[in-house]
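Dear colleague,

Please find the structure below, handed over for your records. A summary of the findings follows it.

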Amino acid sequence: SPSRGLGDVYKRQEESHVTSVCERAFIRELDGGCSSPIAAHAVVKGDTVVLRGLYYEECSGKAETAVEEAPVSEAEHLGIMLARRLKELCQKQEEK
């Protein structure tokens, strides 16, 4: 039915909003831009957002990746926390 199709469109728009908020929070927390060696990819699975992140510390050459998940209502917080975690892991590698 046409209304069902419209519901699918709204659902995809909502998922797109959640994933972009999550990814942008990750990149913003790491002061990323178009040429920064960082990456974030989020997907919505039911009521959960799953974020895969990569952080590369240019000065040390250290890189870290991780995957975390959280409720979709916590998408922005997830992006920030994963960014901080990866940055901290790279800094710990540098100390060794």
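The term pLDDT denotes the predictor's confidence in each residue, on a scale from 0 to 100. This is a predicted model, in which local features need pLDDT of at least 70 and side-chain atom pairs count only at pLDDT 80 or more, while totals for chains, interfaces and linings use all residues. Residues are numbered from 1 along each chain as its sequence is written, and side-chain values use heavy atoms, with hydrogens and water left out.

The mean pLDDT of the protein is 87, and 86% of the residues score at least 70. Confidence is lowest in helix α1 (residues 2–29), with a mean of 82, and highest in strand β1 (residues 38–45), at 96.

In total there are 2 helices and 3 strands (DSSP runs numbered from the N terminus: helices H or I of at least four residues, strands E of at least two). Their order along the sequence is α-β-β-β-α.

Of the 96 residues, 28% are buried (under 20% relative accessible area, with a 1.4 Å probe and protein chains only). Among contacts (heavy atoms within 4.5 Å) with a separation of 6 or more, 46% join residues 24 or more positions apart.

The accessible surface (Shrake-Rupley method, 1.4 Å probe) is about 6,500 Å², and carbon and sulfur atoms hold 48% of that area.

Yours sincerely

Technical notes: Buried means under 20% relative accessible area, exposed over 50%, partly exposed in between (1.4 Å probe, protein chains only).
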